Amino acid sequence: MAGQRTTPGLRDDRYRHLIARLKERRTKLGISQRELAERLGIHRQFVSRVELGERRLDVAEFVDYARALELDPVTLVAEL
């Protein structure tokens with residue numbers, strides 16, 4: 001369809017940077033994937049798949065994820 005934009009998805013450099021920041025923060029805080037999953041009320045595999053780039057966070061998941069890591073989601077997005 002003419003004029004239709006494709007979404008870059010998981011390969012988008014901005015998204016990969018965002019996930020790298022979340023993972024960096026998790027490890028800096030000394031939180032395991034299991035501990036983060038418990039904070040979020042989800043399975044550990046979810047966290048693993050996000051960090052491996054196999055699962056994309058939607059907006060609400062991103063906000064919860066960032067807050068669980070004591071980060072401001074607005075600041076993270078502004079960095080992009």
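Me: Buried means under 20% relative accessible area, exposed over 50%, and partly exposed in between, with a 1.4 Å probe and protein chains only. Why is Asp13 called exposed?

Reply: Asp13 has 58% relative accessibility, and the cut-off is over 50%, so Asp13 counts as exposed. This is a predicted model: local features need pLDDT of at least 70, side-chain atom pairs count only at pLDDT 80 or more, and totals for chains, interfaces and linings use all residues. Residues are numbered from 1 along each chain as its sequence is written, and side-chain values use heavy atoms, with hydrogens and water left out.

Me: Where does Asp13 sit?

Reply: Asp13 belongs to helix α1. Helices are DSSP runs of H or I with at least four residues, strands are runs of E with at least two, and both are numbered from the N terminus. Asp13 and Leu80 are 67 residues apart in sequence. Their C-alpha atoms are 9.5 Å apart in space.

Me: How many helices and strands does the chain have?

Reply: The chain has five helices and zero strands. Its pattern along the sequence is α-α-α-α-α. The C-alpha atoms fill a box of roughly 45 × 25 × 20 Å along the principal axes. Of the 80 residues in the chain, 31% are buried.

Me: What makes a set of residues a nonpolar core?

Reply: The set must be buried Ala, Val, Leu, Ile, Met, Phe, Trp, Tyr and Cys residues, joined through side-chain atoms within 4.5 Å. The largest one here has 18 residues. Those with the most contacts inside it are Leu22, Leu36, Leu57, Phe62, Tyr65, Leu69 and Leu76. At least two core residues come from each of α1 (13-28), α2 (33-40), α3 (44-51) and α4 (59-68).

Me: Which residues does Tyr65 touch?

Reply: Contact means heavy atoms within 4.5 Å. Residues up to four places away in sequence are not counted here. Tyr65 then touches Leu22, Leu36, Leu40, Phe46, Val47, Val50, Glu51 and Leu57.

Me: How do you know that the buried residues of α2 are on the same side?

Reply: The buried residues of α2 are Gln33, Leu36 and Ala37. They cover an arc of only 100° around the axis, which puts them on the same side of α2. The arc is that of the directions from the helix axis to the C-beta atoms. An α-helix has 3.6 residues a turn, so residues three or four places apart point the same way. Arg34 and Glu38 are exposed on the other side of α2. The cover over the buried residues of α2 includes α1, α3 and α4. Gly41 follows α2, with a positive phi near 70°.

Me: What puts the buried residues of α4 on the same side?

Reply: The buried residues of α4 are Phe62, Tyr65, Ala66 and Ala68. Their arc is only 160° around the axis, which puts them on the same side of α4. Val59 and Arg67 are exposed on the other side. The buried residues of α4 pack against α1, α2, α3 and α5.

Me: Which residues of α3 are buried?

Reply: Phe46, Val47, Ser48, Val50 and Glu51 are buried in α3. What covers them includes α1, α2 and α4. Gly53 follows α3, and its phi is positive, near 80°.

Me: Why does Glu70 count as exposed?

Reply: Its relative accessible area is 54%, and exposed means over 50%, so Glu70 is exposed. Glu70 lies in the loop between α4 and α5 (73-79). Glu70 is not a glycine, although its phi is positive, about 60°.

Me: What makes a space a pocket?

Reply: On a 1 Å grid over the protein atoms alone, a pocket is an open set of points with protein on both sides within 12 Å along at least five of seven lines. A lining residue has an atom within 4 Å of a point. The largest pocket holds about 170 Å³ of space, a volume filled by probe spheres set on the points, which are joined across faces, edges and corners. Its lining includes Arg14, Tyr15, Arg56, Asp58, Phe62 and Leu80. α1 gives the most to this lining, with three residues.

Me: How many residues of the lining are nonpolar, polar or charged?

Reply: Seven are nonpolar, none is polar and three are charged. Ala, Val, Leu, Ile, Met, Phe, Trp, Tyr, Cys and Pro count as nonpolar, Asp, Glu, Lys and Arg as charged, and the others, Gly among them, as polar.

Methods: 1 Å grid on protein atoms, 1.4 Å probe; cavity = no way out; pocket = protein on both sides within 12 Å on 5 of 7 lines; lining within 4 Å.
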